[in-house]
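Hi everyone, thanks for coming. I'd like to walk you through one model today, so please have a look at it while I talk.

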Amino acid sequence: MVQNLFEQLSTQLNFLLLAQRQMILISAFAVSLIIFWSKEKGHPLMFLSFLLFAYAVAVGIKSSLEFTEFIKDVRNDVPLQDDEKRLVNSASTWVYFTYVLIGIIFIAIISFYRLRNLL
């Protein structure tokens, strides 16, 4: 059971970490569009960059909800041994990094929105 749980948990955690990476890459692309927009004054690019930020947030929320649901299922459906409980508890803390990243993206959205009003 430990190996099977470890494989499933590793797969789910990899999906969560890949989603975090995708959030960072999408946000970086949105920032680059905003910087280009500030030089070119292209309003469609600013709208596109805010859509990209929204997509990055949606990816983070969706992946964190799915990972949290997996953790709940493991804790509720399977009787866990002590080493399995430690493994699940350790992996479950990774979702907090996604929440922090979502918060950072929201701060970036607010900052760039205010910047848009200044330009």
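A quick word on conventions. This is a predicted model, in which local features need pLDDT of at least 70 and side-chain atom pairs count only at pLDDT 80 or more, while totals for chains, interfaces and linings use all residues. Residues are numbered from 1 along each chain as its sequence is written, and side-chain values use heavy atoms, with hydrogens and water left out.

Let's start inside. By nonpolar core I mean a set of buried Ala, Val, Leu, Ile, Met, Phe, Trp, Tyr and Cys residues joined through side-chain atoms within 4.5 Å. Buried, in turn, is under 20% relative accessible area, exposed is over 50%, and partly exposed is in between, with a 1.4 Å probe and protein chains only. The largest core has 19 residues, and the members that touch the most others are Met-23, Phe-50, Phe-53 and Ile-105. Helix H1 (2-40), H2 and helix H4 (94-118) each give two or more residues to this core. For helices, I'm using DSSP runs of H or I with at least four residues, numbered from the N terminus. There is also a second, separate core of 12 residues, which includes Leu-16, Phe-67, Val-88 and Val-95. As general background, nonpolar side chains tend to be buried together in soluble globular proteins.

Now, what does Phe-50 touch, leaving aside its neighbours within four places in sequence? Taking contact as heavy atoms within 4.5 Å, Phe-50 meets Ile-109, Phe-112, Tyr-113 and Arg-116.

Staying in helix H4, have a look at Thr-98. Is Thr-98 buried or exposed? Thr-98 is buried, with a relative accessible area of 0%. Not counting residues up to four places away in sequence, Thr-98 touches Leu-16, Gln-20, Met-23, Gly-60, Ser-63 and Ser-64. One of these, Gln-20, is 78 residues from Thr-98 in sequence, and their C-alpha atoms are 6.3 Å apart in space.

Ile-102 is in helix H4 too, and it is buried at 9% relative accessible area. With the residues up to four places away set aside again, Ile-102 touches Met-23, Val-57, Gly-60 and Ile-61. For a reference distance, the C-alpha atoms of Ile-102 and Phe-70 are separated by 20 Å, and these two are 32 residues apart along the chain.

Over to helix H1, with two residues to look at. Ser-27 lies in this helix and counts as buried, at 10% relative accessibility. Beyond its neighbours within four places in sequence, Ser-27 is in contact with Phe-53, Ala-56 and Ile-105. Gln-22, also placed in H1, is partly exposed at 32%. Not counting residues up to four places away, Gln-22 touches Tyr-55 and Val-59. Between the C-alpha atoms of Gln-22 and Gly-60, 38 residues apart along the chain, the separation is 8.7 Å.

Next, helix H3, residues 82-92. Its buried residues are Glu-84, Val-88, Ala-91 and Ser-92. Seen down the axis of H3, they fall within an arc of 100°, so they line one face of the helix; that arc is taken from the directions from the helix axis to the C-beta atoms. The face of H3 turned away from this buried side carries exposed Asp-82 and Arg-86.

Finally, the surface. How many salt bridges does a search of the whole structure find? It finds 1, where a salt bridge is a side-chain nitrogen of Lys or Arg within 4 Å of a carboxyl oxygen of Asp or Glu. The partners are Glu-66 and Lys-62, at 2.8 Å from N to O. Both lie in helix H2, 4 residues apart, about one turn of the helix. Glu-66 is partly exposed, with a relative accessible area of 43%.

Leu-51 is found in H2 as well, a helix spanning residues 43-77, and is partly exposed at 44%.
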